[in-house]
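Have the sequence and the model open as you read.

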Amino acid sequence: MGRRDPDVVSATMRQVRARDTGPELSLRRALWRRGLRYRLYDRRLPGNPDIVFRGSRVAVFVDGDFWHGNQWRQRGHKSLEEQFSGRSNADYWVKKIHRNMIRDGDATHRLEYDGWCVVRIWESELKRDLNECIQRVEQAVREGVV
């Protein structure tokens, strides 16, 4: 694999959205069609959840596989470290993604400690089976369980 131009990589990375991603929008539209009303990105809550159902105390995160540490599984690697092995910047990416995973776990723990139900959905889960993801969220909202 040849080395990519750093300017091209930087331009590509600047295009990555932190909110209103395609998978997130598809979930939101489907939930809205089901009659579920929510708030977005409540900054008062740990982790700034993507979708918030305040009344039922449900926080939903739509996690991108690459940024939140699931892509190595999707690609059939044994670990995150293996996904980046042989790259000159492997340490940077492994550390960055590990920090994201720790931050995600901390936000989940803090929310659950405060009595919130946390639903985390991988981008790949949404692409594979949107209806199952909708059902998980709807069940949490309507029944208070995941």
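At 1.5 Å a residue, the twelve residues of helix α2 (residues 22–33) should span 16 Å, and the end C-alpha atoms are 17 Å apart, which agrees. The expected span is 1.5 Å times one less than the number of residues, and helices here are DSSP runs (H or I, at least four residues), strands likewise (E, at least two), numbered from the N terminus.

Which residues of α2 are buried? Pro 23, Glu 24, Leu 27, Arg 28, Ala 30 and Leu 31 are, with buried meaning under 20% relative accessible area (1.4 Å probe, protein chains only). They cover an arc of only 165° around the axis, so they sit on the same side of α2; the arc is taken from the directions from the helix axis to the C-beta atoms. These residues pack against β1 (39–40), β2 (51–53), β3 (58–63), β4 (117–122), α7 (123–128) and α8 (130–143).

**The nonpolar core**

The largest nonpolar core has 19 residues, and Leu 27, Leu 31, Phe 53 and Val 60 touch the most other members. Such a core is a set of buried Ala, Val, Leu, Ile, Met, Phe, Trp, Tyr and Cys residues joined through side-chain atoms within 4.5 Å. α8 gives the most to this core, with five residues.

**About the model**

This is a predicted model: local features need pLDDT of at least 70, side-chain atom pairs count only at pLDDT 80 or more, and totals for chains, interfaces and linings use all residues. Residues are numbered from 1 along each chain as its sequence is written, and side-chain values use heavy atoms, with hydrogens and water left out.

Conventions:
Buried < 20%, exposed > 50% of the residue type's maximum accessible area, 1.4 Å probe, protein only. Contact = heavy atoms within 4.5 Å.
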